Amino acid sequence: MSPNPKDLLVLDRGHNTTCTIHLHGATVLSWILKGEEKIFLSPKAVFDNKKAIRGGIPVVFPCFGPWELGPAHGFARISRWEVIQEPKKTEAGDIRAILVLTDSESSRKLWNYSFRLTYTVTLAENSLVTDFSVTNKSSESFDFTCLLHTYFRVDDINTVSVSGLKGLKYADKVRDGNLFSEDREVVTIRENVDRVYIATENTHLISNTLDGKTLTISKSNFPDTVVWNPWKAKAAAMPDLGEESYPNMVCVEAGHVSSPVNLSAGATYNASQTLQA
Ligand code: TA6
């Protein structure tokens, strides 16, 4: 299944460097840097403008994980975002687009607050910058969690490692969400891993992504990092993924998820992620 081109926003910097964003969830589907695709998108992803897209960079808000009020990972990644700035060149020569999502009758039925999400995507020469902000348009404060659920393309998950997690506590969702301490310099993945690392460093190096290259994640005001790979059995049970795909993806997800953000009326929360290869 392919996305409808009418649902896509393409940032093109030339030199075979592009970024494609689907308006459904403001989901970055692709980041091609000098001809190499850095983002994993499931060949079985569904583009019905209903289901969350399997892969890319889904935007998670107002709740990471299971949500008693609505869909898992919240409604942002399954909502139609509005483009308020078409892709255009910045003074620095980068290409930037801006999308927004505001509350709606349907969102208020689930979560009765007014808000405005602003998502600024900037395609620079060797990096992709995603700035995310939440403005509370309500008359009272509200709590939320949020995350950029980035799927990275890798040649072989068995050779990948992730830095910046040593000595940290993590909630292990494969072990009933219990807390453990990470004692490894780099985290490797050889089985189903689903961990929320708490108060992580603002830089992670993902080694051996493609052709032995290292990809760097730099983040600000996303204090936590989720590391996830479903591995064979869980991937096989996901119709929009499949067991053939799990070796070629790793999720390293910058978020504010271990504790909620409490946002006062009229205030704005700003966070950012930069991917550099
Ligand atoms: O970020 C990891 C995670 O929370 C996993 O538990 C798994 O559920 C994954 O997100 C994908 O969730 P989804 O709702 O997109 O299938």
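Me: Which residues are around the ligand?
Reply: In this predicted model, the residues around the ligand are Arg54, Phe64, His73, Arg77, His149, Lys173, Asp194, Val226, Trp228 and Glu253.

Me: And by class, how many nonpolar, polar and charged residues does that shell have?
Reply: The shell around the ligand is made up of 3 nonpolar, 2 polar and 5 charged residues.

Me: What about Glu253, how far is a polar side-chain atom of it from an oxygen atom of the ligand?
Reply: That separation is 2.7 Å for Glu253, while an N or O atom in the side chain of His149 is 2.9 Å from a ligand oxygen, and for the side chain of Lys173 the corresponding distance to an oxygen atom of the ligand is 3.0 Å.

Me: How much of the ligand's accessible area does the protein cover?
Reply: On its own the ligand has 390 Å² of accessible area, and the protein covers 79% of that.

Me: Which pocket is the space taken by the ligand?
Reply: The ligand takes up the space of the largest pocket.

Me: Changing topic, how many disulfides are there?
Reply: The count comes to 0 disulfides, with a pair of cysteine sulfur atoms having to lie within 2.5 Å to qualify.

Me: Are Cys19 and Cys251 buried or exposed?
Reply: Cys19 is buried, with a relative accessible area of 0%, and Cys251 is likewise buried, at 0%.

Key. Residues numbered from 1 in each chain as written. Predicted model: local features only at pLDDT ≥ 70, side-chain atom pairs only at ≥ 80, totals over all residues. Heavy atoms only, no water. Buried < 20%, exposed > 50% of the residue type's maximum accessible area, 1.4 Å probe, protein only. Near = heavy atom within 4 Å. Polar contact = N/O pair within 3.5 Å; in protein donor to acceptor, adjacent residues only side chain to side chain. Areas by Shrake-Rupley, 256 points an atom, 1.4 Å probe, with all protein chains shown as cover. 1 Å grid on protein atoms, 1.4 Å probe; cavity = no way out; pocket = protein on both sides within 12 Å on 5 of 7 lines; lining within 4 Å. Sits in = over half its atoms within 2 Å of the grid points. Nonpolar A, V, L, I, M, F, W, Y, C, P; charged D, E, K, R; others polar.
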